[in-house]
Number of protein chains: 2
Amino acid sequence: MGTLVLPRPYLLFLGDATECGFAKTALGLADWAPNLCLGEYGLPGCTVTAGLPPLTPAEARSKGARALVIGVANVGGVIPDQWMDALVEALDAGFDLVSGMHAKLASFPRLADAAAKAGRQLIDVRTPPSGIPIATGRKRSGKRLLTVGTDCALGKKYTALAIADGFKARGVNADFRASGQTGIMIAGSGMPMDSVVSDFLAGAAEILSPDAPQEHWDVIEGQGSLFHPAYATVSLGLLHGSQPDVFIVCHEVGRTGILGVSGYSLPSIPQVIEQTVVMGRLTNPAIRCAGISLNTSSLDAVGAAAEIDRLSTELGYPVADPIRRGAAFERLLDACLA
Amino acid sequence: MGTLVLPRPYLLFLGDATECGFAKTALGLADWAPNLCLGEYGLPGCTVTAGLPPLTPAEARSKGARALVIGVANVGGVIPDQWMDALVEALDAGFDLVSGMHAKLASFPRLADAAAKAGRQLIDVRTPPSGIPIATGRKRSGKRLLTVGTDCALGKKYTALAIADGFKARGVNADFRASGQTGIMIAGSGMPMDSVVSDFLAGAAEILSPDAPQEHWDVIEGQGSLFHPAYATVSLGLLHGSQPDVFIVCHEVGRTGILGVSGYSLPSIPQVIEQTVVMGRLTNPAIRCAGISLNTSSLDAVGAAAEIDRLSTELGYPVADPIRRGAAFERLLDACLA
């Protein structure tokens, strides 16, 4: 029993996308796993690029690519008819298919047939592995960091990736642990937490960061927020099962309301720190907050630096934007490892 | 889109059980839904009884029974070969089958074939309905009470059933809302919370207690404990989605450690009250604790009364054992409705 593990390297499929917004998965992969992405493959009419060499499935296969990743989404989250020929071509060329869409690959008879004939895998990264155990609550060896948030979709994945990179740059033995579909494609393995049956949620988080050497760090991608009326359960299962030694609170400048629900204000950062400590000490009594990851994408460089300084003084914690990095980010890494 | 709804009345199937412990579901149904259980049906060798008239499927059908409920479990939680003839006989006689076991009824080809031929349903109450929405966090009309616990398996279902009964006896418009398999069979409908995919958990709790008239009470069966390292997520989803006005903390005299995990002490009752208020006020800022339901089954009547008095004085809340009822239970009902 383990987490999902994906065949790599990848050829990124861009479909017939004409807007970057729909190619988020491909762009994230090209950004964070460039050495694992050998090329990109778009249909006629596709105007989006991830900046990788254009390759046909046959060309990419001959260079060693093993999986075609569907790197685009459309409004319905389904697989349109006009992609089918290309996907079957990839299976015939010897690729496994990897998808993070809601629609399951095997639910398309043409793909199921082609995969069976070619002896290839159809891998939906939103489908959890079978046999996930009930959590035991047993303390595991090694060190763990979890990113938590004041809300969804404000930088928990990006922060965990940047922290893991920063640790490695300092020679610290570290792994990024993915808990959502794009993170799983970047890491090549992980656990789609939001798709796990509730009874097994904390157990799924436990197997995501298994026992490790004492000085090893697992840097775990957080999900949702303890203050989100729909997704707090996923956040709590990840917190309990990850038993983090250290957490970082992710926040976006200017965000005042919870995304996707009306009438819910954002919690303050101190509220998030307090609740994360209170709930997290159930499985790790030594849990502590190391600092704040601030998404300052709405500010210019001068404004961002000023806001980072202001918030750090106000809260008494290191604050940094992991995209801007610099000295503030190094101080955040110091606090994590302290 | 709604919760599971079961065909009733029932014929209770006792299989070849020889120990009451394995007939918990049947005994709970006979206790709490006697008017919905027309009879019981045991195989040769069965020595357990739920105290109902023994009936064959044909006899029960002629009296109006609509579903055969598998009221027994065995060690593996599976359906043994020696039950098959009887279950097929029931399908042929016109019954739907209802099961709360882990093994799915439709995974047994003989049952699937017989159900298809007879045009009957195979209902696994641990399978959630499809199409559960993401939670909205919107405040619903009507009043809600949730039972929470210091741990699993110490009386949350029983307490909710007793409170709903007590409300009805006082002329209060109330419904018991079931969140686990036995509760669902008793109520005839409900939501198997522990089997819902995490992303939809709070949404499932929202549809379990829909908008209702302003003076109506939904009395909701709790699950797990916010302090259980494996099941806290189910407890939190139920708390957020139920948005209770009132909660009751269920506890068992003498329980000191969390069930099924080693190294976890039971939280104190004040800790459970505090955490339930802190987390619950996200979706209902007016949430309050009405009192304590104390499982005193390990004490005699005198010892139980003394412990109920002692705890009530110590905590400053009404305390009652819903099995012993009496004046203490009436005070607990008063506090709920205050």
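Contact here means heavy atoms within 4.5 Å. Helices (H or I, at least four residues) and strands (E, at least two) are DSSP runs, numbered from the N terminus. This is a predicted model, where local features need pLDDT of at least 70, side-chain atom pairs count only at pLDDT 80 or more, and totals for chains, interfaces and linings use all residues. Residues are numbered from 1 along each chain as its sequence is written, chains are lettered from A in the order in which they are written, and side-chain values use heavy atoms, without hydrogens and water.

**An enclosed helix**

Start with helix α8 (residues 232–242) of chain B. Eleven of its eleven residues are buried, so the rest of the structure largely encloses it. Buried means under 20% relative accessible area; exposed is over 50%, and partly exposed lies in between (1.4 Å probe, protein chains only). Among the buried residues of α8(B) are Leu236(B) and His240(B). What do the buried residues of α8(B) pack against? The table gives the partners.

| Chain | Elements packed against α8(B) |
|---|---|
| A | α7 (201–208), α8 (232–242) |
| B | β7 (143–149), α7 (201–208), β10 (217–220), α9 (269–280) |

Just after α8(B), Gln243(B) has a positive phi of about 40°.

**Two crossing helices**

Now look at chain A. The axes of α5 (residues 156–169) and α11 (residues 326–337) of chain A come within 11 Å and cross at roughly 80°. That makes α5(A) roughly perpendicular to α11(A), a label for angles of 65 to 115 degrees. Axes are lines fitted to C-alpha atoms, for helices over the stretch in contact, and angles run from 0 to 180 degrees between N-to-C directions. Ile163(A) and Phe167(A) of α5(A) take part in the contact, and so do residues of α11(A) including Phe329(A) and Leu333(A).

**Nonpolar cores**

A nonpolar core is a set of buried Ala, Val, Leu, Ile, Met, Phe, Trp, Tyr and Cys residues joined through side-chain atoms within 4.5 Å. The largest has 194 residues. Within it, Ile163(A), Phe167(A), Ile163(B) and Phe167(B) touch the most other members. A second, separate core has 30 residues, including Val88(A) and Phe95(A).

**A parallel sheet**

Chain B holds an open sheet of five strands, paired in parallel in the order β3-β2-β4-β5-β6. Two strands pair if DSSP finds at least two bridges between them. The edge strands are β3 (37–42) and β6 (122–124) of chain B, each pairing on one side only. Three bridges join β5 (residues 96–99) of chain B to β6(B). Leu97(B) has Leu122(B) as its bridge partner in β6(B).

Technical notes:
Angles under 35 degrees count as roughly parallel, over 145 as roughly antiparallel, 65 to 115 as roughly perpendicular and the rest as oblique.
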